[in-house]
Amino acid sequence: MMFYALSAIGLMILASFTIVFARKLQQRIVRFALSAVAYASLVVAFFLMIAVLITF
């Protein structure tokens, strides 16, 4: 279970850095792709945290 929690924390940190980096880019397609990856990782992190809460 600790692996799920650490994975969720890592995904949230990765998503925040990805969003900050994506906002600095000028190309719309790359910016959209990075934002989509960041928001998808936030959703996965949310479900990982829910899985940790359910198991405790």
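Me: Let's begin with Ala5. Where does Ala5 lie?

Reply: Ala5 is in helix H1; helices here are DSSP runs of H or I with at least four residues, numbered from the N terminus. A word on the background: this is a predicted model, where local features need pLDDT of at least 70 and side-chain atom pairs count only at pLDDT 80 or more, while totals for chains, interfaces and linings use all residues. Residues are numbered from 1 along each chain as its sequence is written, and side-chain values use heavy atoms, with hydrogens and water left out.

Me: Good to know. Is Ala5 buried or exposed?

Reply: Ala5 counts as buried, because its relative accessibility is 15%. Buried means under 20% relative accessible area, exposed means over 50%, and partly exposed is in between, with a 1.4 Å probe and protein chains only.

Me: And which residues does Ala5 touch, not counting those up to four places away in sequence?

Reply: Ala5 touches Met49 and Val52, where contact means heavy atoms within 4.5 Å. Ala5 and Met49 are 44 residues apart in sequence, yet their C-alpha atoms are 6.2 Å apart in space.

Me: Now the helices. How do the axes of H1 and H2 cross?

Reply: H1 covers residues 2-24 and H2 covers residues 28-55; their axes come within 8 Å and cross at roughly 160 degrees. Those axes are lines fitted to C-alpha atoms over the stretch in contact, and angles run from 0 to 180 degrees between N-to-C directions. H1 and H2 are therefore roughly antiparallel to each other, a label for angles over 145 degrees.

Me: What kinds of residues make up the contact of H1 with H2?

Reply: By class, that contact has 19 nonpolar, 4 polar and 2 charged residues. Ala, Val, Leu, Ile, Met, Phe, Trp, Tyr, Cys and Pro count as nonpolar, Asp, Glu, Lys and Arg as charged, and the others, Gly among them, as polar.

Me: Back to single residues. What about Met12, which residues does it touch beyond four places in sequence?

Reply: Met12 touches Leu42, Ala45 and Met49. Met12 lies in helix H1 and counts as partly exposed, at 35% relative accessibility.

Me: You mentioned Ser41. Is Ser41 buried or exposed?

Reply: Ser41 is buried, with a relative accessible area of 9%. Ser41 has its place in helix H2 and, leaving aside neighbours within four places in sequence, is in contact with Leu11 and Ala15.

Me: Changing topic: how many aromatic pairs are there?

Reply: A search of the whole structure finds 2 aromatic pairs. In one of them, the rings of Phe3 and Tyr4 have centres 6.2 Å apart and planes at 50 degrees, so this pair is tilted. Rings of Phe, Tyr and Trp (its six-membered ring) pair if their centres lie within 6.5 Å; planes under 30 degrees apart count as stacked, over 60 as edge-to-face and the rest as tilted.

Technical notes:
Helices (H or I, at least four residues) and strands (E, at least two) are DSSP runs, numbered from the N terminus. Angles under 35 degrees count as roughly parallel, over 145 as roughly antiparallel, 65 to 115 as roughly perpendicular and the rest as oblique.
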